[in-house]
Amino acid sequence: MSLLSPRLRIALTPGRVAVAAGRAYREAVVGVPGWVGALEALAGLLAGSALRGRASVTLSHHFAPVHLLSAPPVALKPLEMQGWIRDTLARQFGEAGREWRVSWQAEPPGEPFIAGSMEPGPLAELEAVMRAASLKPAQVQPWLAVAWNRQRRRLGRGRAWFVLAEPERLTLAGLDGGRVRSLRSTLMQGEPLAALEDLLTREALLAGEAAPAPLWIESVLPPLNWQGVGGGRSVHPLASGREALAAMLDD
């Protein structure tokens with residue numbers, strides 16, 4: 001591949017990290033689970049790789065929380081939108097939210113949209129690790145934003161649920177009309193199948209679900225039979241690729 005290829009993709013979770021360049025794929029276990037350990041594992045994967053240029057980075061929701069925000073009352077330019085999102089997060093989470101680095105999924109005017117946030121310190125640490133390997137982040141996004149862009153046509157415009165499953169965390173989006181209408185990201189308690197069933201039951205009740213809507217699942221967990229989840233609804237596991245974190249990579 002070209003050393004300047006824009007197809008370089010990186011995925012980071014508390015327990016594993018992955019780097020994909022064209023068809024080449026490398027993955028590493030994080031020695032000490034968490035952000036610092038993930039950066040150390042990434043530095044190890046990038047060492048001596050001879051890769052150069054820009055890379056897209058997909059982050060676990062442990063590292064980059066996701067939010068579903070109502071549209072601003074007027075159309076905003078990108079810089080204004082960034083400030084408006086930070087102000088909104090500051091009202092919800094305290095003044096520290098005003099300093100968070102934010103990304104968002106553009107949607108038509110008036111529609112709710114997905115936003116991701118990250119504290120500036122960890123983002124600077126990520127950029128330093130990449131800079132040491134002669135790389136720059138073309139974009140840094142939470143997994144949900146990457147998965148939504150890749151899968152939204154397949155998910156259709158009817159009512160549905162879309163879950164992203166990673167170690168110790170579930171992120172569940174309620175869909176209708178081709179848009180995200182509800183969003184819940186929560187630490188997983190207990191076994192994944194039971195945890196998802198509990199979360200889905202609660203969210204379906206809150207949504208006033210009249211009939212079981214289809215459930216679509218992307219997962220970076222070890223292979224599981226998800227068909228028992230959902231209480232009679234159709235369940236559609238999405239292919240996660242040949243490696244554990246392949247589902248996180250925008251390919």
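1. Start with the helices: H1 passes H3 in a right-handed crossing (the near helix is turned clockwise from the far one by less than a right angle). Helices here are DSSP runs of H or I, at least four residues, numbered from the N terminus.

2. A quick word on what you're looking at: this is a predicted model, where local features need pLDDT of at least 70, side-chain atom pairs count only at pLDDT 80 or more, and totals for chains, interfaces and linings use all residues. Residues are numbered from 1 along each chain as its sequence is written, and side-chain values use heavy atoms, with hydrogens and water left out.

3. Now the angle. The axes of H1 (residues 35-46) and H3 (residues 120-132) come within 10 Å and cross at roughly 15°. That makes H1 roughly parallel to H3 (angles under 35 degrees count as such).

4. Who touches whom? From H1 it's Trp35, Leu39, Leu42 and Ala43, and from H3 it's Pro122, Glu125, Leu126 and Val129 (contact means heavy atoms within 4.5 Å). Seven of these residues are nonpolar, none is polar and one is charged.

5. There's also one cavity of 30 Å³ or more (a set of points on a 1 Å grid where a 1.4 Å probe fits but cannot get out). The largest cavity holds about 30 Å³ of space.

6. Its lining (residues with an atom within 4 Å of a point) is Leu68, Glu107, Pro112, Phe113, Ile114, Trp148, Arg179 and Val180. Strands E7 (113-118) and E11 (179-187) each give two or more residues to the lining (a strand is a DSSP run of E, at least two residues). The lining divides into six nonpolar, no polar and two charged residues.

Definitions and conventions:
Axes fitted to C-alpha atoms, helices over the stretch in contact; angles between N-to-C directions. Parallel < 35°, antiparallel > 145°, perpendicular 65-115°, else oblique. Nonpolar A, V, L, I, M, F, W, Y, C, P; charged D, E, K, R; others polar. 1 Å grid on protein atoms, 1.4 Å probe; cavity = no way out; pocket = protein on both sides within 12 Å on 5 of 7 lines; lining within 4 Å. Points joined across faces, edges and corners; volume = space filled by probe spheres on them.
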